[in-house]
Amino acid sequence: MNQNVDHILSTRFGRKDGHLLSVYESEEGYQALRKALTQMSPLQVTEAVKEAGLRGRGGAGFPAGVKWGFVPQDADQVYFFVNADESEPGTFKDRYCLDYDPHMTIEGAIISCYAVNANLCFIYIRGEFGWLVDRVQRAVDEAYAAGYLGHNILGSGFDLEMIVHKGAGAYICGEETGLINSVEGRKGQPSIKPPFPAVSGFLGKPTIVNNVETVASVPYIIREGVDAYRQYGTEKSAGTKLWSVSGPVKKPGVYEVPLGIPFRDFFYEYLGGMVEGEELKAVIVGGSSVPVLTASEAMGVNLDYEALAQAGTMLGSGGMIIVPQSADMVELIQVLMHFYFDESCGQCTPCREGTGWLYKIVKRLRKGQGVQEDLDLLDQVCDGMSGLTICPLAYAAVMPMKSFLEKFRPEFGALIKETTPVGPRSRWPMGEQEI
Amino acid sequence: MNKPTEVQAEFSFSGQLQAQFQHIVERYPTRESALMPSLWLIQEEYGYVPPLAVDWLVENLGVSHARVWELLSFYTMFRSEPQAKYVLQVCHNISCHLMGARSIIAHLEKRLGIRLGEKTPDGKFALEGAECLGACGHGPVMQLGKHFYEYLTTEKVDQILESLKKDIVPRADTDRELEE
Amino acid sequence: MAKLTIDGKQVEFPDGTRLFDACSEVRGEPLPHFCYHPDLSIAGVCRLCQVEIEGMPKLTIACNTTVRDDMVVHTNSDKVKKSVQKILEMHLINHPVDCPICDQAGECGLQDQYMEYGLYESEVSIADKVNKAKAEVIGPHVILDKERCVLCTRCTRFLDEITGSRELGIFNRGDRAEIGVAPGKELNNNYSLNTVDICPVGALTSRDFRFQKRVWLLRSTPSICPGCATGCNIRVDHEADRIYRLKPRRNNEVNGPWMCDLGRMEYKLVHDEKRLKVPLLRQNSELEPILWQQAWSELTTLLGGEVAGVALTSAGQTLEELVLYRLLFGDIFAADRVWGGLSGFGLKESDDFLLASDRMPNRTSLTWLGLREIKPDDLSQKLSGPAQLVVIYGGDPVTADSKLESTLADCDCVIYLGTHLNATACTANLIIPVSMWAEKDGLFVNKQGRIQTFHRAVSRPGETREDWRLLADLLAELTAHQPPTSLPQLRRLVAEELGIKPTSLVSDLPVTGFIPDLSARIPTGGDH
């Protein structure tokens, strides 16, 4: 049953001209903005988004309307950030949104800013998407020229300035307070919470940070209504999701499907199954920072927030990585542990030291220098990181590490060649020095 | 963190860049917040951020030296030293890995005669590893400045290198024809 | 007020109290921590002050939590202890085992907390440990060991928030992150050594103190910095009559927990090679050491004669000494020939923090006692005329104004009671060695008008006399006054002089000092 949805987020995906204002306007572009500004109050917009059940699509899945409601009513200054720092391994859907349909995100951002009374909006785009930064800037310029940005938008009295901000290569800037700090001119290190951004964020003022896909979903909700949106998805996971699919499947790419469809259907009907000569071994559903599912686990699960949580993983960013039988799981976890080691901001001790340590232990294991105790050590290091840090990056490293170890332990065990030396580890012979 | 090696006479912005800098400072709510876009302005002009530019930023934005260097060392894209003419960054994260990034990297190392992380002696090519570039379904992928080269095969790599050796930057998979 | 339960005890704290402070008070000792500091912003990066709050699924850091009604907090549950142990292990895995060569040993946060919460074998392979630069001089006073740093950010926060000079940054990401100065820059401000105080480990250490003394051999004596009129509260760390370093002592009314680098170096003068240790008498234009008996005899003969004498002291002497000085010389020389010091002496640039422009610790006492200051030219005038006897007690007026050298050379007799063989001493006929601030108990009055007490840390060198006893003996010998015979008696005399309660300078003297109400005082001879 093909439930492909192509008219909410992916309407103009793959087209050569979808980024142009003229095309966007001719295909109901900016009608939602007009409706919101002229027929709805900011509170009504927030209510609509809340009722539609739109959840944050960046990874946390927190209801967007609820987050908007945290902004104090009497705030004298509110800021809005569109999080286009997309760096979660396996995820490339925000890229598609901004590449093929930047105006959809811009319109969604303007409506969102109206809802929370923000007069300055930053679109934070990761620096590696330099080509996208230029593209989005051109779209923003078009929007200004057409009167959708600037003073007194569409005669509503609402002012909004929009700045396209270019990142410079740091995954941690995808964390909302890391992003805020980055725009303030600091390193993109997350802040301790409380205070929460909605109360005190950018320059100490109430701030909302939303993912591109979240913001891009807003025009449809406003234009077509809550019910139209809710006809897709499940009770708690309403609407559609953009799945980024990579790995050796026949048809990798970005797919918009209603939340809740079974993985099995998605895998066979949309992705065409594995390429010739490969079989499914495992699936990482939500970007690398979630627990891995074995092939059989994946085949039994539906693709929505609740079902995946119940299956012991997370929907996360929806960056689906298909792992074939030919893959070496320990090699893969080394790749992932290197990523977190590389990207840890270094602020808080458990993550800073733990990510480095996990990477080094796995690296040694793969070189045949590991001992049996190293497998327990990996678990212990994970326990020294989970729940003890400022931001969830520690979790992001721990979840793949622990789940790979739990579900593919024999592959780790097979690498153990040495017998454990006697006595405490600090007195074991030094062995080969690693630079 | 490396000490920059080039010595320059003085740093200042030329007319157009000065105007762009002014524009940044006017739009961003604080001078401190103008730091990142200012660094990009400098780097896009000079290919890196020279130490004298750091002094200039400290003076003009009222930030500390330590702060500028924090940004230069924290963000991988900011460079404090002159770069090779073509810096090729190949993603080695999980999706690209599954699609054969390792062999692409090995192929590039062979063709260029350098290891990952090194620069060719003539300063023309540098080969770097990169974390996920957001092109996972199009992998393996390599970045050169603002261009992504996707769906890489050894043949495609060879074509790209041949073109670059002639100083022609081949059309990237991310380039679009603009219909204005 | 918030009513909450901490470790089973029902307690009450004012609204807004940090849970860290509340828990620390209840426990009687601080929660484990590195990054928390009461005078700096909250960083929340070390993650050690985890507590369990009932109803919350995860542990929370206490430093970033405020007390609330009905909170039930556990600081010592198994869950907390296990987590603290794990986090501590994370701090240790890349930390070099430098204890045998690290100055911080004995006052190290890692050592202390490991002994309290750790005591386990290391699980990290030496080959995996991250290496960074060691023993890097980053400024005139501070040396940095990047490997030892636990990245608590206390130093960067201090330099951002207290001095605003922002010399230090944290560069790179992940476990490559390191503290440092920007290339080509250094940590060179007058408060740099405070970063050494607040660094919980041996990452930032004092160059001056490097390898000088193991800290467990040091004894600490509370004192007051003599470097300027701020009167920062300090402690003197010493062993076997040698001072090794000065550190600030918290007084929230005066200096908080800070002091300046200039003040820290004040101890060096105490052990300076030019210290006067024996009385000296000029014979055949050379200064020769003499025995105390002879010195006493010379002194009393000179002072007891009917000679027109002038006395000059300085704002570096203690309040008690100044009281006795005025009593003695006011009697034997006449009040209008007794001076407090050279006007303008010891005035320099202040900064907008602790260093006062007045570089003398006790000028306020001169004001209170009516000991006026005199300009060098006026002093020269006073000294010209019939047989002149000059007594200079403390200070170094000749270095302040070199013209005084010839003036003094023309005097009949110059008696110098001082601590160093300085330019003034070199003009003297008789030199009596006296004690320095670190060698006596005394009172200084700072620029706030606050009376603060300091204590003897090290013994007087050689045959140096205790100032007040010398002055008291001279009073007994040369005047009709009955001088005090003990320090408490002396303090009561001073209290009487100031018109304040006698016990306020003895048993009732607060640790933080106090600003007396002098309104009831009957002014004596010529004060403002």
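Me: What makes up the secondary structure of chain B in this predicted model?
Reply: In this predicted model, chain B holds seven helices and four strands.

Me: How do you know what share of the contacts in chain B joins residues 24 or more positions apart?
Reply: A contact requires C-beta atoms within 7 Å. Among contacts of chain B with a separation of 6 or more, residues 24 or more positions apart account for 57%.

Me: Which domains does chain B have, and what separates their centres?
Reply: Chain B is divided into domain 1 (15-74) and domain 2 (86-165). Taken over C-alpha atoms, their centres are separated by 30 Å. The C-alpha trace of chain B spans about 50 × 40 × 30 Å along its principal axes.

Me: What are the corresponding values for helices, strands and burial in chain C?
Reply: Chain C has 14 helices and 24 strands. Of its 528 residues, 49% count as buried, and each of those therefore meets the cut-off of 20 or more neighbouring C-beta atoms within 10 Å. Its C-alpha trace spans about 90 × 50 × 35 Å along the principal axes. Of the contacts in chain C between residues at least 6 apart in sequence, 65% join residues at least 24 apart.

Me: How is chain C divided into domains?
Reply: The assignment gives domain 1 (2-90), domain 2 (99-109 + 124-215) and domain 3 (280-505). The centres of domain 1 and domain 3 of chain C, taken over C-alpha atoms, are separated by 53 Å.

Me: How do you know that chain C touches chain B, and which element of chain C gives the most to that side?
Reply: Twelve residues of chain C are in contact with ten residues of chain B, so C-beta atoms of the two chains lie within 7 Å of each other there. Strand β8 (residues 168-171) of chain C gives the most to this side, with four residues.

Me: What classes of residue form the side of chain C that touches chain B?
Reply: That side has six nonpolar, two polar and four charged residues.

How values were computed. Residues are numbered from 1 along each chain as its sequence is written. Chains are lettered from A and ligands numbered from 1 in the order in which they are written. This is a predicted model: local features need pLDDT of at least 70, side-chain atom pairs count only at pLDDT 80 or more; totals for chains, interfaces and linings use all residues. Helices (H or I, at least four residues) and strands (E, at least two) are DSSP runs, numbered from the N terminus. Domain bounds come from an automatic or database domain assignment. A residue is buried if 20 or more other C-beta atoms lie within 10 Å of its own, exposed if 12 or fewer, and partly exposed in between; C-beta atoms are placed from the backbone. Ala, Val, Leu, Ile, Met, Phe, Trp, Tyr, Cys and Pro count as nonpolar, Asp, Glu, Lys and Arg as charged, and the others, Gly among them, as polar.
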